[in-house]
Amino acid sequence: MIYQIFDWLDNKLDFDQAQAHCDIPCGIYDPITAQIAALTVVRMIDLMKDLETKSPNKDAAFLNTFSRYVAVKEEHAEKAKHDVRVIWGDYIKTQHLEQYPELHSLVHKIMQGGSKSRQTTDRDAAAAFVEDINKFAEIFWATKGIKTKRAKAPYAPNLELVYPELV
Amino acid sequence: MIRILKVTENSLSPFFLEGDFVVVSKIPFFLRPLKSGDIVVFNQPSYGIMIKQVEHVSPDGEQLFVVGTHPFSTDSRQFGPIRKESVLGKVVWHIRKS
């Protein structure tokens, strides 16, 4: 009876909600997936340009291979954006933002860089996309108190990536 | 000084369940400081208005470590302790849905 009265009042007054929020905090976050996805975008652009140069005939075989490169570029640019958003939304907390106030603008830049990498074949833009995610990775590991190092990826396009120095 | 809120989600199950109502107030603060076991409603910058149980209070009384009773609760174990000023009130009346 009392509950029904409160329910009726809620329908009239629309009480605020108090979340007893529940989640499954697996706690497994690593920006390397975004870094590799962004690196794949650069690789696809290189392969597209290489194929264009080496293929005098723009026949069905050319179009088939080229379209596959484009599809992979699209997929990985979006994956990189997604993986950064997950860390930003689920892992990054207020205290991290207070410590690294540039995080919001950096993530926004990454989102824009990912979109540009999908829209164009601009290799410099794609390389900048990788570098921005590297900066994001440096901050991510710093929030965990883990030092990082930079090293060239051991696979084409051999761009520099940020890696955690794990013991 | 008194507020009515509707509970969503189930991190305080089986004690507080989705759809329950709670009446919260700051009046009890003036009578007795918050202590371990109290159920409080507070404003969390990332998650908004939340309801959790006080696990412990910092020695200076300024920060509260709040938890849920469900193993998958999102609480101070993820977002850290909350400030006393963010507490909207202590639950003084619990109206169960069933």
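The contact between the two chains takes 18 residues from chain A and 31 residues from chain B, two residues being in contact if their C-beta atoms, placed from the backbone, lie within 7 Å. On the side of chain A that touches chain B, helix H1 (2-13), strand S1 (16-19) and helix H4 (94-99) each supply at least two residues. Helices (H or I, at least four residues) and strands (E, at least two) are DSSP runs, numbered from the N terminus. This side of chain A divides into 9 nonpolar, 5 polar and 4 charged residues; Ala, Val, Leu, Ile, Met, Phe, Trp, Tyr, Cys and Pro count as nonpolar, Asp, Glu, Lys and Arg as charged, and the others, Gly among them, as polar.

The model is predicted: local features need pLDDT of at least 70 and side-chain atom pairs count only at pLDDT 80 or more, while totals for chains, interfaces and linings use all residues. Residues are numbered from 1 along each chain as its sequence is written, and chains are lettered from A and ligands numbered from 1 in the order in which they are written.

Strand pairing also links the chains. S1(A) is joined by 4 bridges to strand S1 (residues 2-8) of chain B, and the two run parallel; strands pair if DSSP finds at least two bridges between them. Within S1(B), Thr8(B) is the bridge partner of Gln19(A).

Chain A contains 6 helices and 3 strands, in the sequence order α-β-α-α-α-α-α-β-β. The axes of helix H2 (residues 32-54) and helix H3 (residues 60-91) of chain A come within 8 Å and cross at roughly 160 degrees. H2(A) is therefore roughly antiparallel to H3(A), a term for angles over 145 degrees. Axes are lines fitted to C-alpha atoms, for helices over the stretch in contact, and angles run from 0 to 180 degrees between N-to-C directions. The residues of this helix contact divide into 16 nonpolar, 4 polar and 3 charged.

In chain B, 5 of the 6 residues of strand S3 (residues 39-44) are buried, so the strand is largely enclosed by the rest of the structure. A residue is buried if 20 or more other C-beta atoms lie within 10 Å of its own. S3(B) is joined by 6 bridges to strand S4 (residues 48-57), running antiparallel, and Asn43(B) stands opposite Ile49(B). These two strands form a hairpin with 3 residues between them. A further 3 bridges join S3(B) to strand S7 (residues 87-95), also antiparallel, where Val40(B) stands opposite Lys90(B).

Methods: Angles under 35 degrees count as roughly parallel, over 145 as roughly antiparallel, 65 to 115 as roughly perpendicular and the rest as oblique. A residue is buried if 20 or more other C-beta atoms lie within 10 Å of its own, exposed if 12 or fewer, and partly exposed in between; C-beta atoms are placed from the backbone.
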